[in-house]
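Please look through the structure shown below.

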Amino acid sequence: MIFPIVGDSGKTSTKVLLNQALNIFYSACATPKSYNTELGVSRFINGCADLDIYDHLILEFGASHVKDISRLCELAPPDVSFVTGIGHMHIETFGNIENIIKEKMSIIKGCKIAVLNYECEFIRNYAIPKEIHCIRYGFTFGDYQARNIQDREFDFFAKGEYIAHFKTNLIGKHQILNLTGVLAYLYEMGIDIDILKRGVSTFQSEKNRLEVKKMNRYTLLDDSFNSNYQGFIEALNILKNHNNKRIVLTPGMVELGKYKKELLHMLVEYLVVSTDIIILIGYFQTKYLYNLLKEYNKEVYLVRNFMEGYRLFMMFTEVYKDSMLLIENDLPDLYRIGLI
């Protein structure tokens, strides 16, 4: 069976969690890293010499243009489709949010089962064809819910009925939300919940996705592989609760299109209450964010590249003991352009 996963947030984490869960009961294989384009998916399928030994293939589908999903579906027709979230990513290439919704939800056409994040209002309000079996999950919406979340533990409910208490290694509510989608599918398929509970307790998240790393003089919250707005907010919520100096190193957000100012204003509200020091990478892409933060008299620094920002942070650790550094969002070399 083929399990494609789409979404502006949560698709890589869901892919990793689903792969671990399916491998408890079956043999499954997932696309590595961010192999989510036509080239990446075809390279994975063609390069997997032992493809026939797997019961399930888990594929991450990315889309930045209209019809990207349909081309990926031609390569790998979906059996069970996951839609993890829809937002304003790639708005510049899609033109408007309506095109984004239509493109992402096109993944459910022709599939047998659709697993949908009903915390996302764009997904919740989308008209689903009656012939598709929908598995809806969330915190407050959907038939399957994670409730009573305490740190890394939560209660799993199915159609209003308490099913089980889960303990995990996952950090952040959005990771628990991703896991809830996986649990919803497996529970609906009749998987043994006790075996699943033992397996979930060992699950690991994707590298560089809200990884907590204890260093000699500080704690590192590594979210450098993230590139979406919702993930940024979740990371800030974790940083906010740190007892000592809270520092973020980030190039901000990109590909926000006409919603850039609106989303950055909302982001600033979180940054103001969650951080003590903000280090922004790159002048041109962070200028607007920088000016907004200065209006709040925040301690903000502009640096040319990641290493310059990291060196600045290391200077802070000489003064502020036991600080926490959040490294947030993609940090590719393209941010060096125009920074000198």
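Buried means under 20% relative accessible area, exposed means over 50%, and partly exposed lies in between (1.4 Å probe, protein chains only). This is a predicted model, in which local features need pLDDT of at least 70 and side-chain atom pairs count only at pLDDT 80 or more, while totals for chains, interfaces and linings use all residues. Residues are numbered from 1 along each chain as its sequence is written, and side-chain values use heavy atoms, with hydrogens and water left out.

Q: How far apart are the end C-alpha atoms of helix α1?
A: Helices (H or I, at least four residues) and strands (E, at least two) are DSSP runs, numbered from the N terminus. The expected span of a helix is 1.5 Å times one less than its number of residues, so the 15 residues of α1 (residues 11–25) should span 21 Å. The model agrees with this, the end C-alpha atoms of α1 being apart by 22 Å.

Q: Which elements are included in what covers the buried residues of α1?
A: The buried residues of α1 include K11, V16, L17 and L22. Contact means heavy atoms within 4.5 Å. The cover of these buried residues includes β1 (2–6), β2 (28–30), β3 (56–60), β4 (80–83) and α7 (173–188).

Q: Which residue meets K15 in a salt bridge?
A: A salt bridge is a side-chain nitrogen of Lys or Arg within 4 Å of a carboxyl oxygen of Asp or Glu. K15 in helix α1 has its partner in strand β3, 45 residues apart, so the pair links distant parts of the chain. Both residues are buried, and at 3.3 Å, N to O, the partner of K15 is E60.

Q: Is D68 buried or partly exposed?
A: D68 forms a salt bridge with R71, the closest N and O atoms being 2.9 Å apart. Both lie in helix α3 (residues 68–75), three residues apart, about one turn of the helix. R71 has a relative accessible area of 31% and is therefore partly exposed. D68 has 14% relative accessibility, so D68 counts as buried.

Q: Which backbone oxygen does the side chain of S274 reach?
A: S274 is found in helix α10 (residues 260–274). At 1% relative accessibility, S274 counts as buried. At 2.7 Å, the side chain of S274 reaches the backbone oxygen of Y270.

Q: What is the phi of D322?
A: Most residues other than glycine have a negative phi. D322 lies in the loop between α12 (306–319) and β15 (323–328). Although D322 is not a glycine, its phi is positive, at about 60°.

Key:
Polar contact = N/O pair within 3.5 Å; in protein donor to acceptor, adjacent residues only side chain to side chain.
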